[in-house]
Amino acid sequence: MKKIIIKTIAFSLALLLAVTGIIYLCLATLSPSTLSNLYFRIDAKELSLKYSEKAYGKSGKIEDLSLLVERSIVFKDGESVIYYATELINREDYDEYAVSQGSGYNYYIVGSLCSYLYSSGQRAVAIGTAVSHTGDYTKVNPIRVVIELCIGNDDANSLSLIKDSLLRREDKNQFVIKDITIIEDFLKE
């Protein structure tokens, strides 16, 4: 009698594991975004990013790419941010998508990208990306992110390049003028 109960329990557990495994494989294949969302909620970086990549690879939609970039930023995965954010901002439909996401979305993505580019040693690329993707010079923008990194790293060469690009701007508002002054003061030291 005891053997029958043990066999029944073992069979039930094996069946439960098999069904769970099949459901998981189906989700991983057919709906990787569902698994990505699940793993994001439980703060599982590797699995969340893995299934976000699969979801984007499967759909090719800008929404999935954007979600992958945002999650890479949240999890501080610099390599993924550099690779996928560069792909995102270079898409033809990016500008329209960024506008639909709200006023700060573009600067959030580009500022994060520039930060990781600068930190990875690609300083000229970070400056070029920040300058080319900064439209309105607001209180928070990618150029100001790079300026802050340059000052924190005593990077006078990069600050000189940024100063030159700011001087060439046609729309010099109070933030541009203030940043030029800050850079000039830093370079005098």
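Tutor: What follows concerns a predicted model, taken by helix packing, nonpolar cores and one serine.

Student: How do the axes of α8 and α10 cross?

Tutor: The axes of helix α8 (residues 123-132) and helix α10 (residues 156-168) cross at roughly 20 degrees and come within 11 Å. With angles under 35 degrees counted as roughly parallel, α8 and α10 are therefore roughly parallel to each other. Their crossing is right-handed.

Student: Which residues make that contact?

Tutor: From α8, Arg 123, Ile 127 and Val 131 take part, and from α10, Ser 158, Leu 161, Ile 162 and Ser 165. By class, the contact of α8 with α10 has four nonpolar residues, two polar and one charged.

Student: Turning to the largest nonpolar core, which residues touch the most other members?

Tutor: Those are Ile 109, Ile 162 and Leu 166, in a core of 39 residues. Helix α7 (residues 105-119) gives the most to this core, namely seven residues.

Student: What does Ile 109 touch?

Tutor: Not counting residues up to four places away in sequence, Ile 109 touches Val 69, Glu 70, Ile 73, Ala 85, Leu 88, Ile 89 and Tyr 94. There is also a second, separate core of five residues, among them Leu 35, Tyr 39, Ala 44 and Tyr 51.

Student: A new topic: is Ser 48 buried or exposed?

Tutor: Ser 48, found in helix α3 (residues 45-59), is buried, with a relative accessible area of 0%.

Student: And what is Ser 48 in contact with?

Tutor: Leaving aside neighbours within four places in sequence, Ser 48 is in contact with Ser 36, Tyr 39, Phe 40, Arg 71 and Phe 75.

Note on methods
Residues numbered from 1 in each chain as written. Predicted model: local features only at pLDDT ≥ 70, side-chain atom pairs only at ≥ 80, totals over all residues. Heavy atoms only, no water. Axes fitted to C-alpha atoms, helices over the stretch in contact; angles between N-to-C directions. Helix = DSSP H or I, 4+ residues; strand = E, 2+ residues; numbered from the N terminus. Parallel < 35°, antiparallel > 145°, perpendicular 65-115°, else oblique. Left-handed = near helix turned anticlockwise from the far one by under 90°. Contact = heavy atoms within 4.5 Å. Nonpolar A, V, L, I, M, F, W, Y, C, P; charged D, E, K, R; others polar. Core = buried A, V, L, I, M, F, W, Y, C linked by side-chain atoms within 4.5 Å. Buried < 20%, exposed > 50% of the residue type's maximum accessible area, 1.4 Å probe, protein only.
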